Amino acid sequence: MQSVFPGYMRIAGITLREGRDFTDDDLTNARPVVVIDERIAKKLWPAGAIGQRLIFRLSAKTIAYEVIGVMNPVRVSKVRDTELPH
């Protein structure tokens with residue numbers, strides 16, 4: 001998981017496959033929203049990911065993020081990062 005600001009995907013050349021990008025309004029209102037990789041979207045929600053909830057448990061805190069967008073696969077940890085996380 002990475003935190004980004006509105007406009008990051010455009011600047012980084014990341015293609016949004018469906019849904020929408022983050023907005024200043026999301027940031028201002030601290031909306032729990034997320035844009036996910038299309039590989040994860042297809043695995044978790046083959047019929048469509050937009051509007052689904054992705055649950056993250058960090059320590060004692062649980063947050064349900066609404067999927068607002070699906071992006072093309074992006075390598076973030078290794079040059080040969082082609083597998084889904086386990």
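The largest nonpolar core has nine residues: Val-34, Ile-36, Ala-41, Trp-45, Ala-49, Leu-54, Tyr-65, Val-67 and Val-70. A nonpolar core here is a set of buried Ala, Val, Leu, Ile, Met, Phe, Trp, Tyr and Cys residues joined through side-chain atoms within 4.5 Å. Buried means under 20% relative accessible area, exposed over 50%, and partly exposed in between (1.4 Å probe, protein chains only). The largest share, three residues, comes from β4. A second, separate core has seven residues, including Ile-14, Phe-22, Val-35 and Ile-68.

This is a predicted model: local features need pLDDT of at least 70, side-chain atom pairs count only at pLDDT 80 or more, and totals for chains, interfaces and linings use all residues. Residues are numbered from 1 along each chain as its sequence is written, and side-chain values use heavy atoms, with hydrogens and water left out.

The protein has three helices and four strands. Helices (H or I, at least four residues) and strands (E, at least two) are DSSP runs, numbered from the N terminus. From that end, the order is α-β-α-β-α-β-β. Of the 86 residues, 27% count as buried.

Leaving aside neighbours within four places in sequence, Ala-49 is in contact (heavy atoms within 4.5 Å) with Ile-36, Ala-41, Val-67 and Val-70.

Tyr-65 is buried, with a relative accessible area of 15%. Phe-56 is partly exposed, at 23%.
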